[in-house]
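Trainee: I am new to this structure and would like to learn how to read it. Could we go through a few features in turn?

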Amino acid sequence: MESRLKDINQLKPILRAAGVKDSDSDYWEFLLMLGYGNSAKAEQLYKSLRNTVPSSDWRMPLVEIGEARILSISNRDLECHSHLLTAAKLIFSRSNFLNENIQSEITALYYYVLTTHQAKIGHNISALPLLHMGKALTAIDSFRLAFDYRISVSEASVLNFPIANILSIIHKLEQNELWTLACIGYRTAAIYSRQKSDFASAYQFYDAALTIASQMKLDVSLKQLHNSLGYTLFSEKRRDEAEQEYFKITLEGEHDPMIPVLYENLALLAEAREDYTLAISHIKRAISVSTQLDSIPNIPGEYLFLGRTYENHFNDIEQAEHYYRHGYDHAMRYASHGISLTGERKAVVDAYVNIINKKRGPKTLKSVDRFAFSQGKPWKDIKDIFHHQLICYHHKTQQNSKAMAAKLNMPASTLYSLQDRLKNRGYQLPEKTSSNSTENHSLFYFIEEHEDMSWDAINSIFEREIVHYLYEKYGYNKQRMAQILKLSYPSIITKTRELTQVSEHFLSN
């Protein structure tokens with residue numbers, strides 16, 4: 001966004017009342033950059049602000065939000081996510097509620113940057129309510145217009161509103177000389193047109209965006225436009241032209257945030273030409289940067305691409321498993337930070353689980369009824385026995401509980417609490433028993449198939465399979481199942497919904 005002094009002038013009386021002095025030039029420059037300015041100087045400015053603004057100061061949320069914005073632009077998405085969480089704690093803490101006007105402006109800015117971040121990472125939450133609230137909170141004219149633009153984009157994406165609504169806002173952005181946002185708007189309109197196969201309109205919007213970016217020397221926007229235009233040409237199978245468009249992108253430094261996206265597109269181009277070795281090389285180049293940045297939108301999909309390529313084109317199951325596992329680990333790590341498991345994050349998790357089942361399924365001793373122990377037992381006991389056996393199994397290869405928790409990708413404190421609860425219910429911990437009962441052995445075959453999975457993942461699979469097993473054993477009688485498991489009937493309905501609606505034809509007659 002541009003440096004719009006008139007908008008800061010609208011905010012000045014509020015900020016002066018909150019204690020910001022006109023002589024505080026660094027801070028005013030920061031506000032200009034944060035709302036509507038050039039972010040090039042931001043990295044240096046943050047060091048100064050963090051050294052001068054106390055952590056308890058009301059201005060600290062602005063520093064957190066501003067840094068989050070720059071981190072997002074740099075594709076350092078997990079760091080961005082962390083700063084936004086910190087900003088939220090500061091903004092919504094009672095001790096930080098100030099003058100109503102300044103609090104409203106800070107909150108509006110938080111909603112704007114938060115929804116931009118969520119849209120970027122594909123977080124499965126509708127942005128529209130927060131965007132409308134943000135617009136209502138700010139008194140800055142250009143910021144309200146920026147909210148109007150984001151609202152129109154969200155409406156087009158979620159509610160399938162016409163692109164004409166976006167174009168109407170873009171024209172207002174141009175009239176107000178908000179060139180960066182207008183440029184982004186034309187690029188967005190081009191992408192939506194491409195998705196609807198309206199390529200003529202897409203190229204028209206790209207031309208408008210490129211004109212603005214060239215005239216205003218918007219270097220970052222120019223890179224994004226060449227990349228996006230290249231993908232549109234690729235979508236029309238104009239591969240040579242797409243490649244030439246990609247070659248127009250000038251990369252700056254080994255950690256340029258454009259590298260992952262550019263090399264992903266080059267990999268798609270190589271794949272279309274059936275040069276799978278080159279495609280793999282391009283994706284590995286992308287991963288080398290996206291993993292250092294911790295780029296949430298890129299990493300899971302890049303590992304998914306590698307896994308699928310090795311599995312489908314080279315029939316190399318070991319390599320496919322290796323890369324699916326890396327994607328799985330990153331997706332689950334992001335999930336642990338509250339980032340929804342959707343899109344490519346969910347796809348790579350599913351791919352890893354599926355390949356593990358294919359690879360290790362034949363090792364299972366089919367003559368052993370792994371779930372026989374569960375018949376006649378209440379649900380609470382079934383879960384306790386499974387958790388006990390899972391701990392016993394991993395105890396054989398892990399030197400202590402802390403190492404076991406790390407292996408299972410769960411907090412050590414959670415494992416300690418679970419062990420204490422099992423002990424209180426009469427289960428002996430592994431270090432005090434060889435745990436060699438029939439129940440132990442029957443479940444070990446199931447656990448062996450899924451031994452590399454996290455605690456959450458193996459529990460999810462176990463619950464699905466044990467419900468399937470018991471539903472069949474109890475004659476598909478939900479009422480009987482509820483009585484034996486000592487669960488409510490609505491709970492049984494929920495647990496068996498997938499079986500009765502999707503997979504019942506797989507059950508034995």
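Mentor: Start with a pair of side chains: Lys-495 and Glu-463 form a salt bridge, with their closest N and O atoms 2.7 Å apart. Lys-495 is in helix α25 (residues 489–503) and Glu-463 in helix α23 (residues 455–473), so this pair ties together parts that are 32 residues apart in sequence. Keep in mind that the model is predicted.

Trainee: Are Lys-495 and Glu-463 buried or partly exposed?

Mentor: Lys-495 counts as partly exposed because its relative accessibility is 22%. Glu-463 is partly exposed too, with a relative accessible area of 25%.

Trainee: What is the general idea behind such a pair, and how many salt bridges does a search of the whole structure find?

Mentor: Side chains of opposite charge can pair when their charged atoms come close. The search of the whole structure finds 17 salt bridges. One of the pairs is Asp-77 with Lys-120, where the closest N and O atoms are 2.7 Å apart. Asp-77 belongs to helix α5 (residues 77–91) and Lys-120 to helix α6 (residues 100–121), so the pair ties together parts that are 43 residues apart in sequence. Asp-77 is buried, at a relative accessible area of 0%, whereas Lys-120 is partly exposed at 27% relative accessibility.

Trainee: Which residue forms a salt bridge with Glu-245?

Mentor: Lys-248 does, and the closest N and O atoms of the two are 3.4 Å apart. Glu-245 is buried, with a relative accessible area of 8%; Lys-248 is partly exposed, with 49%. Salt bridges can also link up into a network, as they do for Lys-223, Glu-252 and Asp-256.

Trainee: How many disulfides does a search of the whole structure find?

Mentor: A disulfide is a covalent bond between the sulfur atoms of two cysteines. The search finds zero of them here. As for individual cysteines, Cys-80 counts as buried at 0% relative accessibility, and Cys-392 counts as buried at 5%.

Trainee: Which residues of α9 are buried?

Mentor: Ile-163, Ile-166, Leu-167, Ile-169, Ile-170 and Leu-173 are. Seen down the axis of α9, its buried residues fall within an arc of 165°, so they line one face of the helix. Its length can be checked as well: at 1.5 Å a residue, the 13 residues of α9 should span 18 Å, and the end C-alpha atoms are 19 Å apart, which agrees.

Trainee: Where does Phe-161 lie?

Mentor: Phe-161 is in the loop between α8 (141–158) and α9 (163–175). Phe-161 counts as partly exposed, because its relative accessibility is 33%. Together with Val-158 and Leu-159, Phe-161 forms a nonpolar patch on the surface, with about 260 Å² of accessible area together.

Note on methods. Residues are numbered from 1 along each chain as its sequence is written. This is a predicted model: local features need pLDDT of at least 70, side-chain atom pairs count only at pLDDT 80 or more; totals for chains, interfaces and linings use all residues. Side-chain values use heavy atoms; hydrogens and water are left out. Patches are made of residues with over 30% relative accessible area and no salt bridge: like charges are joined within 9 Å, nonpolar side chains (Val, Leu, Ile, Met, Phe, Trp, Tyr) within 5 Å. Accessible areas come from the Shrake-Rupley method with a 1.4 Å probe; for residues, only the protein chains shown count as cover. A salt bridge is a side-chain nitrogen of Lys or Arg within 4 Å of a carboxyl oxygen of Asp or Glu. Helices (H or I, at least four residues) and strands (E, at least two) are DSSP runs, numbered from the N terminus. Buried means under 20% relative accessible area, exposed over 50%, partly exposed in between (1.4 Å probe, protein chains only). A disulfide is a pair of cysteine sulfur atoms within 2.5 Å. The expected span of a helix is 1.5 Å times one less than its number of residues. The arc is that of the directions from the helix axis to the C-beta atoms.
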